[in-house]
Amino acid sequence: MAATGEGANHFAIGTPVLVYGPWGCGLCRYCSEGRENYCTHPSGVRPPGIAVDGALAEFLLVDSERHLVPLGTLDPVQAVALTDAGLTSYSAVKRSAPRLGAGSVAVVIGAGGLGHLAIQIIRALGAATVIAVDITEDKLQLARAVGADHAIIGGTDAQEAIADLTCGRGATAVFDFVGSQETVGLAGAVAATYADIVILGVGHGTLPVGYRRLPFEASVRNTFWGSRSELWEVVDLAHSGRLDVEVEIHSLEEASRAYKRLSRGEVLGRAVIVP
Ligand code: ZN
C-alpha cells in the first residue's frame with residue numbers, strides 16, 4: 001500500500017495487501033454479508049480494471065479499506081491470481097465441499113488459470129478423486145502436477161473415460177471452467193445422482209434441466225467470483241502451502257502479447273502483468 005486517503009487508517013502505509021475485486025455498494029444485504037460479488041445495488045458490481053479504472057498500472061486506487069486483505073509473506077506476483085482465479089474456484093468448491101469426502105469424485109473441466117487452482121482446492125478441502133479434462137497435453141500435465149488423480153483429453157471419448165473411472169456411477173461434482181455447449185453437455189452427461197454441476201466458464205453453453213434430462217436430484221448452479229471472507233480463506237490456504245499458482249510473467253509492454261496468448265489458449269496457469 002503506497003498511500004492512504006482521509007479516514008483510511010486501518011492499514012499502515014507499506015503493508016503488502018491483495019485487493020478484493022468484485023466491489024459492490026457495501027451496504028445491501030449481500031454486501032453486508034461480504035458477498036459483494038452478488039451486490040443488488042442498481043449500479044451492480046464494479047471491479048477495478050473492468051468497471052472502474054485500475055489493474056494494469058503501477059498504482060491502483062481502492063475505494064474502501066474493506067477491499068484489502070493482508071498479503072503477509074506471500075509473493076505478490078504469485079499471489080495476485082488468488083484474487084480472481086483462486087477466489088472464484090474456492091467459492092465454487094467450498095459450497096460442494098461437504099459432498100467431497102472419501103469415495104467421491106470431482107471432475108474439473110478446463111485445467112487453465114482457474115482449473116489448476118480448483119484441483120488443489122478440492123484436494124485441500126476434501127478427499128475426492130479428481131479427474132481433470134482439457135484439450136491440450138500441456139494443460140493435462142499441469143493438472144497431474146498439481147494433484148489430479150486422472151487427466152483425460154476432452155472430446156468424444158471423455159464421457160466414456162469418466163464412466164470407466166467411476167465404475168459407471170458418475171461424478172459427485174462437476175466444475176466446468178469452460179462453459180461451452182460441449183462442456184456443459186459433458187458435465188450433465190457424467191454427473192451422478194445427487195451431483196452438483198457448477199458452471200463457472202463464460203462459454204454461454206446451456207444445460208437442459210427437466211424430468212429425466214439430468215440424473216435425479218442433481219443440482220445445477222452458476223457462480224460469479226466469491227465473497228470477501230472467502231478471499232481471506234484463500235489467502236490462508238496459500239499461507240498453509242497448499243496452493244501452488246502457476247504463473248507466466250509479462251511486462252506492461254508485453255500485455256497485448258499475453259492477451260493474444262490467452263485467447264489462443266497458450267497460457268499455462270495464469271498470466272501476470274508486472275508494470
Ligand atoms: Zn451491495
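The donor residues of the zinc ion follow the spacing C-x2-C-x2-C-x7-C in sequence. This is a predicted model, in which local features need pLDDT of at least 70 and side-chain atom pairs count only at pLDDT 80 or more, while totals for chains, interfaces and linings use all residues. Residues are numbered from 1 along each chain as its sequence is written, and side-chain values use heavy atoms, with hydrogens and water left out.

The SG atoms of Cys 25, Cys 28, Cys 31 and Cys 39 coordinate the zinc ion at 2.3 to 2.4 Å; donors are N, O and S atoms within 2.8 Å of the metal (3.2 Å for Na, K and Ca). The angles among the 4 donor atoms are 103 to 117 degrees, and the site is tetrahedral (four donors with all angles between 85 and 135 degrees). Cys 31 counts as buried because its relative accessibility is 1%, whereas Cys 25, at 27%, counts as partly exposed (buried is under 20% relative accessible area, exposed over 50%, partly exposed in between, with a 1.4 Å probe and protein chains only).

The largest nonpolar core has 47 residues, of which Leu 82, Leu 100, Ile 119, Ile 122, Phe 175 and Leu 243 touch the most other members. Such a core is a set of buried Ala, Val, Leu, Ile, Met, Phe, Trp, Tyr and Cys residues joined through side-chain atoms within 4.5 Å. At least three of its residues come from each of domain 1 (17-73 + 227-274) and domain 2 (86-222), with bounds from an automatic or database domain assignment.

Leaving aside neighbours within four places in sequence, Leu 243 is in contact (heavy atoms within 4.5 Å) with Leu 82, Leu 117, Gln 120, Ile 121, Val 234, Leu 237 and Ala 238.

Notes: Four donors count as tetrahedral if all angles lie between 85 and 135 degrees; four count as square planar and six as octahedral if opposite donors are over 155 degrees apart and all others between 65 and 115; anything else is irregular.
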